[in-house]
Amino acid sequence: MLDLNRLSKGIVALVIFVVSVFAFSGSVSAGSLSYYHQEFTYAATYEFNVEFYGHDVYFSGWAQDHVWDRHVLGYDMDEKYETTFYPLGQYIKGRHLPETMDGYDVVYLIEDAIEYGHVHFSGDRAVITYYLPYWEYRDYGISELKVVLEKEYYRGYTYYEVITAYPVYGPDVAIYEDGHWVN
């Protein structure tokens, strides 16, 4: 025989469980720094696709770690004279940065810089300065970005490797200089 009271309690419990799972996963994933890191790593590893002067550009794991650790999380910021930060809504040294970007945006902005930026060569290094167009400036709060590439050779194959990429200026770019926040 069907016990309607027990069945209705089971359905209510199931509905509460499903609603709580969706509520919990939404608050943990979208907008969280760990989720942005997953986006960044995925995009930099699998979707990064840009050429520089006819050569492929490689965004290695160690370079991804450097960009994320230094210019998002702030590692070694006290040992360096100046560190600038992408605005991903993170908390660093008591300061809450604006949240105008996600992990994908950081990678795509680096690609745009390599593709459209102004280049200065110094030996095998290329320092690229990218002045963001108005729509990107408005959306991200960054007006200037720098990317440093290094020319590499492997068995007769020439390619460039990302060394670092960081925002320079903009209303949402936080700057930590000589032990204190500048802006």
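Mentor: Keep in mind that this is a predicted model. Let's begin with Phe-52, which counts as buried at 2% relative accessibility.
Trainee: And Phe-121, how accessible is that one?
Mentor: Phe-121 has 40% relative accessibility, so it counts as partly exposed.
Trainee: How many aromatic pairs are there in the whole structure?
Mentor: A search of the whole structure turns up 12 aromatic pairs. One of them joins Phe-52 and Phe-121: the ring centres are 6.0 Å apart and the planes are at 45°, so this pair is tilted.
Trainee: Where do those two sit in the chain?
Mentor: Phe-52 is in strand β1 (residues 51-52) and Phe-121 in strand β6 (residues 118-122).
Trainee: What about Tyr-53 and Phe-121, how are their rings arranged?
Mentor: Their centres are 5.5 Å apart with the planes at 65°, and angles over 60 degrees count as edge-to-face. Tyr-53 lies in the loop between β1 and β2 (55-58) while Phe-121 is in strand β6, so this pair ties together parts 68 residues apart in sequence.
Trainee: Is Tyr-53 buried or exposed?
Mentor: Tyr-53 is exposed, at a relative accessible area of 58%.
Trainee: Switching topic, which residues form an aromatic cluster?
Mentor: Phe-40, Phe-48, Phe-59 and Trp-68 form one cluster together.
Trainee: Last one: what sits over the ring of Trp-181?
Mentor: That's the charged end of Arg-95, 5.0 Å from the centre of the Trp-181 ring.

Key:
Residues are numbered from 1 along each chain as its sequence is written. This is a predicted model: local features need pLDDT of at least 70, side-chain atom pairs count only at pLDDT 80 or more; totals for chains, interfaces and linings use all residues. Side-chain values use heavy atoms; hydrogens and water are left out. Rings of Phe, Tyr and Trp (its six-membered ring) pair if their centres lie within 6.5 Å; planes under 30 degrees apart count as stacked, over 60 as edge-to-face and the rest as tilted. Helices (H or I, at least four residues) and strands (E, at least two) are DSSP runs, numbered from the N terminus. Buried means under 20% relative accessible area, exposed over 50%, partly exposed in between (1.4 Å probe, protein chains only). A charge sits over a ring if NZ of Lys or CZ of Arg is within 6 Å of the ring centre and within 35 degrees of the ring normal.
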